[in-house]
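Thanks for coming. I will walk through one chain, a few places at a time, and you can follow along on the screen.

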Amino acid sequence: MAPRNTTVNISLMGLGTVGGGVAAALMGNADAIKRKTGRTVRLKQALVRDVSRPRDPSLPAGLLTTNPEDILSDPDVDIVVEMMGGDSPAGSYLERAIAAGKHVVTANKEVMSRRGPSLLALAQEKRVNLLFEASAGGGIPIVGCLMSQLLANDIRSIRSIINGTTNYILTRMARQQTPFADALAEAQARGYAESDPTNDIEGIDAAYKLSVLGSLAFHRPIPHDSIYTEGISRLAPEDFRYAAELGYAIKSLAIAVAEDDGAVRARVHPALVPEDHLLAKVDGVYNAVEVTGDLCGQIILHGQGAGREATTSAVMGDVLNIVRGLANSEGPPPLPDTPSVASNGGPLAPVHPIDELSSAYYMRLTCADQAGVLAQIAQILGDGNISIATVIQKDTDPGSGTAQLVITTYPSREADVQTALRAVGELSVVVSVNNLIRIEE
Ligand SMILES: NC(=O)c1ccc[n+]([C@@H]2O[C@H](COP(=O)([O-])OP(=O)(O)OC[C@H]3O[C@@H](n4cnc5c(N)ncnc54)[C@H](OP(=O)(O)O)[C@@H]3O)[C@@H](O)[C@H]2O)c1
């Protein structure tokens, strides 16, 4: 490890969108970094798959490598910054770097969601830092807030928009009445969605990030696969139109709530959000995270959840904090305030199944346009303890003799709603149950 007042050697794993931004910041801002941290930093090496690829910035000859050992087995490397993505091999590289006594910064939500507790425990044992601000919320400094500035709070809930790709698609569908498939194609053409968009549109990416944020907020690991996830592909332009008529926007929310019984409720799904709520106004690729704590009340952080510059801000913030720690302490650098989840992995948070959720609902059905239909549906809902709040009948189609029926309910139990809706779908007067969306008041 570099002694005080000597150059801090930093090696990068990954030199793509984020890695390129971090390399540019390390090489271009050396004077500012020295001023802010008291230490000189040097970009020692960068791991890539293909050294022949053109790069921005282009690195001096000899700095690129395809061999991870050049970094992991180099005793002169003080900080490893991982920006490769995916669990394998990035997760095992991080483990080895920490085991070798190197400080680590990562932007990798999947690794932090799957292996965060064990990596953090190893980092504590080895007295090194593992920082991961960019793993959730991109340029929004939410991880650091939860880890230190909000630590005094008993956090009650997190409600967030943490996937820019889905938020871009939903914004297009709401504003231009664009069908889902067209909005997705447009997001891909603009580089906001990958060629395989599954992780984004099915809520998997948001579940990884919610797992990271929820674990920090509630001080117990919340495995990503215990989080209920529902994608956005069932949404249709008319859902946005009817929602607007009712005074709501539709957003894909990632929500984690601490329940009074000590369990957590964690879910990612589309939701109707009152149009005057700040989360309803988060558009395009922007992200926002609302945190409610006993002391701080409600806080909303809003900003760019992805992109080279915004993510570089988060990664470099972590790097500079470590460099500053190296400059200021005589012995090993001070560890940041790591919540209990970090120390030993702790017991997993019990997560309530979605069946037990109590929520208001929006449902859209295509029904026969004839008298008595609503009475039959209302009977089934009533039998299931579900009270109707509003009904609108729209878009009558004389050709097929059908109409769209949009019903909202008062808060009801999810399992009751699902059961009732199955029975409604079997009525001869109901052509199809098109959508069921939770209403987040
Ligand atoms: N992009 C964003 O806006 C954003 C925002 C927040 C967090 N993140 C996170 O940041 C990380 C990086 O994202 P990115 O968008 O920068 O990805 P990217 O553009 O695809 O870059 C990935 C880099 O990692 C290298 N790489 C991948 N697998 C490798 C392997 N097995 N061995 C060696 N090198 C390997 C690639 O090498 P080649 O260049 O040779 O292919 C490339 O340089 C991910 O964890 C992502 O979730 C990204």
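Start with R127, which counts as partly exposed because its relative accessibility is 43%, and the band for that word runs between 20% and 50%. Keep in mind that this is a predicted model. R127 sits in the loop between α5 and β6 (130–131). Its phi is near 55°, which is a positive value in a residue other than glycine. Why point that out? Most residues other than glycine have a negative phi, and most peptide bonds are trans.

There is a second case. H219 has a phi near 60°, again positive and again in a residue other than glycine. H219 is in the loop between α10 and β8 (228–229). Is H219 buried, exposed or partly exposed? With a relative accessible area of 26%, H219 is partly exposed.

Now the peptide bonds. Which residues does a cis peptide bond join? D56 and P57 are joined by one, with omega at about 5°. P57 is placed in the loop between β2 (41–47) and β3 (64–65). S88 and P89 are also joined by a cis peptide bond, and omega there is about 5°. P89 is in the loop between β4 (79–82) and α4.

That brings us to the helices. Two packed helices are described by the angle between their axes and the distance between the axes. Take helix α4 (residues 90–99) and helix α5 (residues 109–126): their axes cross at roughly 10° and come within 9 Å. Therefore α4 is roughly parallel to α5, as angles under 35 degrees count that way. From α4, the residues making the contact are A90, G91, S92, L94, E95, I98 and A99. From α5 they are V111, R115, L119, L122, A123 and K126. Sorted by class, this contact has eight nonpolar, two polar and three charged residues.

The next pair is helix α14 (residues 373–383) with helix α15 (residues 414–425). Their axes are 9 Å apart, and the packing angle is about 155°. So α14 is roughly antiparallel to α15, since the cut-off for that is over 145 degrees. The crossing of α14 past α15 is right-handed. I377, I380 and L381 of α14 make the contact with A420, A423 and V424 of α15. How many residues of each class does the contact of α14 with α15 have? There are six nonpolar, no polar and no charged residues.

On the α1 side we have T17, V18, G20, G21, V22, A24, A25 and L26, and they meet R308, T311, T312, V315 and M316 in α12. The classes in the contact of α1 with α12 are seven nonpolar, five polar and one charged.

One more helix before we leave them. In α6 (residues 142–149), the residues I142, V143, C145, L146 and M147 are buried. What do the buried residues of α6 pack against? They pack against β7 (155–161), α10 (204–218), β11 (286–293) and β12 (297–304).

A249 is in strand β9 (residues 248–258). A249 counts as buried because its relative accessibility is 19%, and the limit for buried is under 20%. Leaving out residues up to four places away in sequence, A249 touches A271, L272, V273, E275 and A280. A249 and S387 are 138 residues apart in sequence, and their C-alpha atoms are 22 Å apart in space.

V391 is in strand β14 (residues 388–397). V391 has a relative accessible area of 33%, so it is partly exposed. Its contacts, apart from neighbours within four places in sequence, are L374, L405, V406 and I407. Between V391 and T37 there are 354 residues in sequence and 61 Å in space, C-alpha to C-alpha.

Last, the domains. The domain assignment gives domain 1 (8–139 + 308–341), domain 2 (143–304) and domain 3 (356–439). How many Å separate the centres of domain 1 and domain 3? Taken over C-alpha atoms, the centres of domain 1 and domain 3 are 52 Å apart. That is all from me.

Conventions
Residues numbered from 1 in each chain as written. Predicted model: local features only at pLDDT ≥ 70, side-chain atom pairs only at ≥ 80, totals over all residues. Heavy atoms only, no water. Helix = DSSP H or I, 4+ residues; strand = E, 2+ residues; numbered from the N terminus. Buried < 20%, exposed > 50% of the residue type's maximum accessible area, 1.4 Å probe, protein only. Contact = heavy atoms within 4.5 Å. Domains from an automatic or database assignment. Axes fitted to C-alpha atoms, helices over the stretch in contact; angles between N-to-C directions. Parallel < 35°, antiparallel > 145°, perpendicular 65-115°, else oblique. Left-handed = near helix turned anticlockwise from the far one by under 90°. Nonpolar A, V, L, I, M, F, W, Y, C, P; charged D, E, K, R; others polar.
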